[in-house]
Amino acid sequence: MTDLQKNREEILSDIAKAASTYGRNARDITLMAVSKTHPFQAMEELFACGQLVFGENRVQEAQEKLPSGRPQGMRIHLIGHLQTNKAKKALELFDAIDSVDSLKLALKLESLACKSLPILLELKTAPEESKSGFEDEHALFQALETISSFNKVSVKGLMTIGPLAGSETEIRKAFALLRTTAERAKQRFPELDFSTLSMGMSSDYRYAIAEGSTLIRVGTRLFGPREG
Ligand SMILES: *Cc1c(COP(=O)(O)O)cnc(C)c1O
């Protein structure tokens, strides 16, 4: 086993531990390997030991490093802000867009996609951080009124980035907000799927598991620190 594969095993056993601590089933929690800044070879190395889902945050980087054909079963999601003028490229490169943060972007994706496109809607759950995402539940639901009639863009759930420097209480409060928002969204839009909750990164995935995360996005703890 390589160091990378060992790191993955450690994280998986940590996920299993957290799941049992919080009364969750580890099978309901998927590990996404956030491979931004790392070469495709590192992704292949992880894929070889069973890592299927990867996250990239920039269209341009993905365009430069991903080969045109990729191993069957490898799934690469976009997890960073997407400008509408790069939507077409993103559709060619990614299997899912996990960071849809405006109705404008969703409309663009719907108009360009030629097959079903899984998406997550990104919500700001810690308003003091300046980052992308729908501002609040009201803005999210307003966009969903339109998105719910789309044929290709297919909602799978919600995504958030927790407060990067916060206490356990603050971080868990943000993650709990994503969960309760998904519950209310399901009541309001029962025809849509809100089962995926993408929350938790290297430093806070245990809290995210406690609050119901089904998809944790781990970069640093898996690959080591990023340069630059
Ligand atoms: C980089 C990134 C991650 C992974 O962060 P780590 O702290 O390195 O685990 C997760 N989610 C998003 C949206 C990111 O951009």
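Modeller: Happy to! Let me start with Lys36, which counts as buried because its relative accessibility is 18%; buried means under 20% relative accessible area, exposed means over 50%, and partly exposed is in between, with a 1.4 Å probe and protein chains only. Before going on, please keep in mind that this is a predicted model, in which local features need pLDDT of at least 70 and side-chain atom pairs count only at pLDDT 80 or more, while totals for chains, interfaces and linings use all residues. Residues are numbered from 1 along each chain as its sequence is written, and side-chain values use heavy atoms, with hydrogens and water left out.

Lys36 sits in the loop between strand 1 (30-34) and helix 2 (40-47); helices (H or I, at least four residues) and strands (E, at least two) are DSSP runs, numbered from the N terminus. An unreviewed UniProt entry annotates Lys36 as "modified residue: N6-(pyridoxal phosphate)lysine". UniProt positions are given in the numbering used here, feature names are shortened, and such annotations may be inferred rather than shown by experiment. Leaving aside neighbours within four places in sequence, Lys36 is in contact (heavy atoms within 4.5 Å) with Gly55, Glu56, Asn57, Glu61, Lys65 and Arg226.

Thr37 belongs to the loop between strand 1 and helix 2. Its phi is near 70°, a positive value in a residue other than glycine. Thr37 is partly exposed, with a relative accessible area of 43%.

In soluble globular proteins, nonpolar side chains tend to be buried together.

Next comes Ala96, in strand 4 (residues 96-100). Ala96 is buried because its relative accessible area is 2%. Not counting residues up to four places away in sequence, Ala96 touches Arg75, Ile76, His77, Leu78, Leu117 and Pro118. From C-alpha to C-alpha, Ala96 is 8.9 Å from Ile79, and the two are 17 residues apart in sequence.

Ala19 counts as buried because its relative accessibility is 1%. Setting aside residues up to four places away in sequence, Ala19 touches Arg24, Asn25, Ala26, Ile29 and Ile209.

Arg24 and Ile29 turn up again around Thr214, which is in contact with Arg24, Asp28, Ile29, Thr30, Ser195, Thr196 and Leu197, leaving aside its neighbours within four places in sequence. Thr214 is found in the loop between helix 8 (205-210) and strand 8 (215-218), and counts as buried because its relative accessibility is 16%.
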